[in-house]
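Let's take a friendly walk through this fold, starting with a sheet and ending with a pair of helices.

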Amino acid sequence: MRQNRVIVVGAGHAGIEAALACARLGVEVIMFSISLDNIANMPCNPSIGGTAKGHLVREIDALGGEMGRAADECFLQSRLLNLSKGAAVHSLRVQADRVKYHNRMKKVCENTPGLRVLQGEIVKLEIKDNRVCGAYTAEGVFYPAKAVIIAAGTYLNGLCHVGEYHYSAGPDNVLPATKLTASLRDNGVTMRRFKTGTPARVHRRSINFDGLVKQDGDDIITPFSFENEGLTFKNTVSCYMTYTNERTHEVIRANLHRSPMFSGIIEGIGPRYCPSIEDKVVRFKEKLRHQIFLEPMGLDTEEYYLQGMSSSLPFDVQEEFIHTIKGLENAEIMRPAYAIEYDCTDPTELNHSLEYKSIKGLFGAGQFCGTSGYEEAAAQGLIAGINASRMILGLKEIVLTRDSSYIGTLIDDLVIKGVNDPYRMMTSRSEYRLLLRQDNADERLTPLGYEIGLISDERYNKFLSKYEAVEAEIKRLKSTTVSPSEKLNEILTAKGTSEITTGAKLSDLLKRPQISYEDLGEVDVSRPLLPKAVSEEACIRIEYEGYINLQFEAAARMKKLEAKAIPAEIDYSAVRGLSLEAAEKLLKISPKTFGEASRISGVSPADLAVLALFCKG
């Protein structure tokens, strides 16, 4: 009986990171997938990253996860978003080759020692005395395990909708998982119903690219993986942009009665921040047009993805409204858009380790926990895999804080605040955005990844050398004074900032928003030859130094609340003065600290004050 193993249910982005983490940490793992042809599938947009999501990918990489390396190997086009804004919201996004990404991830899993990849459906968990003992497949085979990670994506009782046509399926018409939900419910797990959707795919030959807005990638490409800093990458494709119009909206409005979302057939709750095209037309009546992005699915396919046009309308209606759009007048649909409903769990039943509070050894990750997006899923999978392994190895769980990472923010939001619709990571969700930039994800998390055992000695030493160089360059910039000269003042004037009449520190000049590191190259005679990642990190720290220090102070104040523990055995119904809503929420979520309690929706500052007095006795 090989009980010290981990079973991972699902081989999507969450399942892969979970399984790889377990195997790399020396724990035997079996990853089950209903179809091995769907490992690391991208049933929605074949892209990685984007606003805030790019931060997650870099954090996954900084901890020793796989997604960043895979994205670098499989991208078709790379762009750094939000460059007109501050460094806190700069986010990397790549268009990926869907088939290449699947093949690459499948190969990595197949060749990882200690990781077994097995096609099969898990239908039942074996749980005794509130502890996981293993799982059964549809064939009736029992696999003992000390931990099980549910990373089922949108497969649990998946139900797809294309207008009046409804059918049981997972994403891309793969078989759904129809029995595991009942087993989870039988063991006290709360389940709910969410919905997501995906747009149609059209054939390249049927697109008229003339007159469409062309979008090329960046000339200088920033890799996702810190291991690839300094390497040269090239874009291989362009993307395009077009718009809906009033005729498009007329067709959609005339057929809303045929949409299962509006007719009441769909019961699941859809994503607030990624609405379907019919939802956009209804909710934003004042908008005369909506952006549509045409993105290739890969180098070896003619399919193009219509980003921004997810729908559950019937096939004939999809054809009609797509043909009203410039460039798509003769578009041939290869895959119709569809909506999919699926079962997921209430994440407030999980600890920050992503282990269930009531069932030892049972973990959740990804869309099963109420999130949307490949990046959010991969982040949770990595943490669940780390903690399942550490539980088996007898080590302390790893919990990321809100001020350490977007991953910590994501998990804290899930387990403390809960979700009412599929959760999407956004930079606005973090109160520490300047601390959690994508450029410094390695500084924040690589030491932890090394301590855990997912970062090699070679990579860690390279990391140490990088930040020694960053500190040295900051010191040099703060200590080097440049005298006023005709050349310097010419540079300052050309950039629209005032000339200097006395000596100035390089660091003070860099704090001027108009001035960049490159601008000062001609007058900075002592400048060493540095990698781009080093000089950029040094400049960002100097430019935002005051604001960064303020956020460090805010994080320190919050840590005092996080350090103030709430007794585990507290009876909230006995706390006089607590509002009824606060008592109910506190009882359900069982926060471990006053910091966690302060983030629970429905718990007011007055409730916290009452609770603090009660705990003082």
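## Ground rules

Two strands count as paired if DSSP finds at least two bridges between them. Helices (H or I, at least four residues) and strands (E, at least two) are DSSP runs, numbered from the N terminus.

This is a predicted model, where local features need pLDDT of at least 70, side-chain atom pairs count only at pLDDT 80 or more, and totals for chains, interfaces and linings use all residues. Residues are numbered from 1 along each chain as its sequence is written, and side-chain values use heavy atoms, leaving out hydrogens and water.

## The parallel sheet

V8 stands opposite M31 in strand 2. Strand 1 (residues 6–9) and strand 2 (residues 29–33) pair in the parallel sense over 4 bridges.

They belong to an open sheet of 5 strands, in the order 6-2-1-10-21 with parallel pairing. Strand 6 (115–119) and strand 21 (362–364) form its edges, each pairing on one side only.

## Helices on the sheet

Helix 1 (residues 13–24) touches strand 1, strand 2, strand 6 and strand 10 (147–150), where contact means heavy atoms within 4.5 Å. Its direction makes about 165° with that of strand 2; angles run from 0 to 180 degrees between N-to-C directions, and axes are lines fitted to C-alpha atoms, for helices over the stretch in contact.

Helix 10 (residues 374–393) lies across strand 1, strand 10 and strand 21, at about 170° to strand 10.

## A helix pair

Helix 2 (residues 53–63) packs with helix 12 (residues 441–452) at an angle of about 35°, their axes 7 Å apart. Helix 2 contributes R58, E59, A62 and L63 to the contact, and residues from helix 12 include L445 and L448.
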